[in-house]
Amino acid sequence: MQIITGVTLAMHYAANIELAFNSVEHIMRDVHFGWLIRYCHANVASFFFIFIYLHMARGLYYGSYARPRIMLWSIGVIIFVLTMATGFLGYTLPWGQMSLWGATVITNLLSAIPWVGTSLVEFIWGGFSVDNATLNRFFSLHYLLPFILAGLVVLHLIALHEHGSNNPLGVTANSDRIPFHPYYTFKDLVGFLAFFLILAIVVFYAPNMMGHPDNYIPANPLVTPAHIQPEWYFLPYYAILRSIPNKLLGVIAMFGAIFILLAMPFIDISRIRGSQFQPISKLVLWIFFANFLLLGWVGAKPVEAPYIIIGQSCSILYFGWFMLVPVIGLIENTINDLRKNKK
C-alpha cells in the first residue's frame, strides 16, 4: 500500500521548497481522489508503526529473539531502524512548519559528534541550513528506502523459514506443522479485513488524528513553532533524547535505546523461552511496556516540570530493564533448578 500510494503521490509532488507545500495542497484539492491517496499514505504509515511495535512487543514477550532465531531478530531490528528513517524523511516532504523544524532539530543532532559533527550536518543539508538541496535529498531517499525495506522483508521471511516460527509454548513445532493454505490464509484474511475497516474509519472520519496541526502551516524558517515534536511513533525515543541535558550523551542514549534491542539474544540467559511461564519476567516486562507508553506521552509534552523529571525517570527505567534481564534470568533459572531438586 505504501509503495503504491507513494509512487502515485510522487507523480504530483514537487521537491522544491517554493512548490512542495502547494503541490501537496494541489494533490489534496485538485487531483482526482488525491486526498484519499494522501490520507491513506499518511495513516498507513502510522498503522505500519503500530503493527511493528506490537510485533516487537510480542517477540520480546515470547522470547522470539533467542537462538536459533538471532539472525531473524537482527534483520527485524534493522528493518525497524530503516522504517524509522523512512518515516522521518517522509515527515519532511509536506514542507509544513513541523516538517521544516523537525528536520532541522533531528539533523542538528549529528552536530554533537566530536570534530566532524558540524561538517557532517552541512554535508547532509547540502548547505548551511535545511533548504532546497535538503528537501531534494530527503525526497530521493524517501523514495528509495521502501524498496530496500521490501528486500529486507524478503530476507526476514527467508530467515524465518530457516527455523520456523516461534510459538507461545516456546517449543519446536517442526514435527507438527499444518499447511499455510487454507488455515492461515483465512486467519490472515480476517486480520486484513479488520485492518481495512479501521483504516477506512480513520481515513474517512478522522484523517488528521495522528498528525500535527502545525504541519498545515507553510514552512517558515523565521518563525519557530511553540513546541517542536516529531510524529507520534518517534516520541518515546525523542523523550529519551530530551531527558539528558548533554547533547552528545542524549544522542548516544537515543540511538542506544534502539540498537540495544540487538543485544537481547545475548543478555537473556533464561533457560525457559518467553515470559508467560516466568512470573518475575512477565511482571517486569509489562512494567517496561507501560514505561514505554509513558515515554511516548512525555515526548509530546513541553520541556518543563514535571515532564522533565518524569522523562528522566522513565529513561532510567527503560535502560534499567535491559540490565535486569540477565539478573532475572539467573534468578528464575535458580528457582527452577531448586524446584527440580525438590522433586
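Helices (H or I, at least four residues) and strands (E, at least two) are DSSP runs, numbered from the N terminus.

## Basis of the model

This is a predicted model: local features need pLDDT of at least 70, side-chain atom pairs count only at pLDDT 80 or more, and totals for chains, interfaces and linings use all residues. Residues are numbered from 1 along each chain as its sequence is written, and side-chain values use heavy atoms, with hydrogens and water left out.

Most residues other than glycine have a negative phi, and most peptide bonds are trans. Trp95 sits in the loop between α4 and α5. Its phi is positive, about 55 degrees, although Trp95 is not a glycine. Trp95 counts as buried because its relative accessibility is 7% (buried means under 20% relative accessible area, exposed over 50%, partly exposed in between, with a 1.4 Å probe and protein chains only). Phe33 also has a positive phi, near 60 degrees. Phe33 belongs to the loop between α2 (20-29) and α3. With a relative accessible area of 44%, Phe33 is partly exposed.

Two cis peptide bonds can be described as well. One joins Arg67 and Pro68, with omega about 5 degrees. Pro68 is in the loop between α3 and α4. Another runs from His181 to Pro182, with omega near 10 degrees. Pro182 is in the loop between α7 and α8 (183-205).

## Helix α3

Helix α3 covers residues 34-61, which is 28 residues. At 1.5 Å a residue it should span 40 Å, and its end C-alpha atoms are 40 Å apart, so the two values agree. The expected span is 1.5 Å times one less than the number of residues. Gly63 follows α3 and has a positive phi, near 65 degrees.

## The second largest pocket

Rolling a probe the size of a water molecule over the atoms shows where empty space is left. The search uses a 1 Å grid over the protein atoms alone: a cavity is a set of points where a 1.4 Å probe fits but cannot get out, a pocket is an open set with protein on both sides within 12 Å along at least five of seven lines, and lining residues have an atom within 4 Å of a point. Grid points are joined across faces, edges and corners, and a volume is the space filled by probe spheres set on the points.

The second largest pocket holds about 690 Å³ of space. It is lined by 25 residues, and Met84, Ala85, Phe88, Ile106 and Phe255 are the closest to its centre. Two or more lining residues come from each of α4 (70-92), α5 (97-108), α6 (117-125), α7 (132-163), α9 (235-243) and α10 (247-259). α4 gives the most, with seven residues. By class, the lining of this pocket has 22 nonpolar, two polar and one charged (Ala, Val, Leu, Ile, Met, Phe, Trp, Tyr, Cys and Pro count as nonpolar, Asp, Glu, Lys and Arg as charged, and the others, Gly among them, as polar).

## Cavities

The whole structure has three cavities of 30 Å³ or more. About 160 Å³ lies in the largest cavity. Of its 16 lining residues, Tyr65, Asp268, Ser275, Ser281 and Val325 are the closest to the centre. α12 (279-299) and α13 (307-342) are the elements that give two or more residues to this lining. α13 has the largest share, four residues. The lining of the largest cavity divides into nine nonpolar, six polar and one charged.

The second largest cavity has about 70 Å³ of space. Its lining includes Ala239, Arg242, Ser243, Tyr307 and Gly311. α9 and α13 each supply at least two of the lining residues. Six residues of this lining are nonpolar, two polar and one charged.

## Ser243 at the second largest cavity

Ser243 lies in helix α9 and is one of the residues lining the second largest cavity. Its relative accessible area is 8%, so Ser243 is buried. A polar atom of the Ser243 side chain lies 2.6 Å from the backbone oxygen of Ala239. The side chains of Ser243 and Ser315 make a polar contact at 3.3 Å (a pair of N or O atoms within 3.5 Å; within protein, one must be able to donate a hydrogen and the other to accept it, and residues adjacent in sequence count only if both atoms are side-chain atoms). Beyond its neighbours within four places in sequence, Ser243 is in contact with Gly311, Gln312 and Ser315, where contact means heavy atoms within 4.5 Å.
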